[in-house]
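Student: Please show me how to read the features of this model.

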Amino acid sequence: MTDWPSKIVELVRIKERIARLDVDKIFPYTLPAVAADPDRLTLFEERTGVTLDAGHRSFLAAADGWPAFFETQDLLSIEQLAGGEHRDAFTAWMESAPPQARAEGYTAATLLPIAVDLDMPLFAAMPVVDGRVASQVLSLDPSGIIDDFDSFSAYFDSTIAYTERNLADFESGAYRL
């Protein structure tokens, strides 16, 4: 099982370093939410009829979402997974997305959005098959599936790597306005 506290602290430390260098406030500096109560996770599954992937569920049990998780993309809380502005934005985008963005026959009904950027069409979602969320995470934009991860943990690790690249860009001065 993934050691979420260690991974969360690793990402927080990188984001802290970016925040010190980000004098133009390009990216919000945020912290993850507190852990979701196990009863809330179970209630979500009962109410939606969807069984969460074990890796994603274990993350939510450590941190119930993270605003501006990557740049301006929010990692959704259990409430946001169930509905609301983020879920609505994902659904509307999927319904009007160009064909290449609906690659492999995915629809808003067959994907559980887990990360949503309300400022631009950039999403992460997990396929739902027969009421079970698959471990796979798809990164989507208008060009289609831009990345594919075997697990939520691999997706999180890639976010750490991307954030480290952002840090390197800040350190080199590339993000100065």
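Student: Which elements do the buried residues of α1 pack against?

Tutor: First, the ground rules. This is a predicted model, in which local features need pLDDT of at least 70 and side-chain atom pairs count only at pLDDT 80 or more, while totals for chains, interfaces and linings use all residues. Residues are numbered from 1 along each chain as its sequence is written, and side-chain values use heavy atoms, leaving out hydrogens and water. Helices (H or I, at least four residues) and strands (E, at least two) are DSSP runs, numbered from the N terminus. Buried means under 20% relative accessible area, exposed over 50%, partly exposed in between (1.4 Å probe, protein chains only). The buried residues of α1 pack against α3 (54–60), β1 (66–70) and α6 (152–172).

Student: Which residues of α1 are buried?

Tutor: W4, K7, I8, L11, V12, I14, K15 and I18 are buried in α1. Seen down the helix axis, they fall within an arc of 165° (taken from the directions from the axis to the C-beta atoms), so they line one face of α1. The face turned away from that buried side carries the exposed residues P5, R13 and R20.

Student: How are β6 and β7 paired?

Tutor: Two strands pair if DSSP finds at least two bridges between them. Strand β6 (residues 137–141) and strand β7 (residues 144–149) pair in the antiparallel sense over five bridges. A hairpin of two residues joins β6 to β7, and L140 stands opposite I145 in β7.

Terms used:
Contact means heavy atoms within 4.5 Å.
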